[in-house]
Amino acid sequence: MSEAPAKTCIYPGCERPAVPAHPLGGPQPSFCDSEEHNALSAHQERGRRSEDEDESEPRSASEGQR
Ligand SMILES: [Zn+2]
């Protein structure tokens, strides 16, 4: 009953399970065992993804210039 619910990697687009908490204590990491998935790379990936979303806006803005 005291088992914590399985955590999933919070890296954008990653659905692998997060690594289990250290047996000696400490909080459970929020990322899977991939070395590329950490707080820094996740932050950069999120920025990259939001940039892609913004791309459609300038296009419609220049269209309105005619
Ligand atoms: Zn991951």
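Setting aside residues up to four places away in sequence, Phe31 touches Cys9, Ile10, Tyr11, Ala18, His37 and Asn38. Two residues are in contact here if their C-beta atoms, placed from the backbone, lie within 7 Å. The model is a predicted one, in which local features need pLDDT of at least 70 and side-chain atom pairs count only at pLDDT 80 or more, while totals for chains, interfaces and linings use all residues. Residues are numbered from 1 along each chain as its sequence is written.

Phe31 is found in the segment before α1. Is this residue buried or exposed? Phe31 counts as buried because it has 22 C-beta neighbours inside 10 Å. The terms rest on the number of other C-beta atoms, placed from the backbone, within 10 Å of a residue's own: buried means 20 or more, exposed means 12 or fewer, and partly exposed lies in between.

Apart from neighbours within four places in sequence, Cys14 is in contact with Cys9, Cys32 and His37.

Pro17 counts as exposed, because 12 C-beta neighbours lie inside 10 Å. Its contacts, not counting residues up to four places away in sequence, are Ala6, Lys7, Thr8 and Cys32. Between Pro17 and Ser30 there are 13 residues of sequence separation and 9.0 Å of space, C-alpha to C-alpha.

Arg49 is placed in helix α1, which covers residues 39-54. With 11 C-beta neighbours inside 10 Å, Arg49 counts as exposed. Arg49 and Pro12 are 37 residues apart in sequence, and their C-alpha atoms are 8.7 Å apart in space.

What does the whole chain contain? The protein chain has two helices and zero strands. Helices (H or I, at least four residues) and strands (E, at least two) are DSSP runs, numbered from the N terminus. Of its 66 residues, 6% count as buried, and Phe31 is one that counts as buried. Among contacts between residues at least 6 apart in sequence, 24% join residues at least 24 apart.
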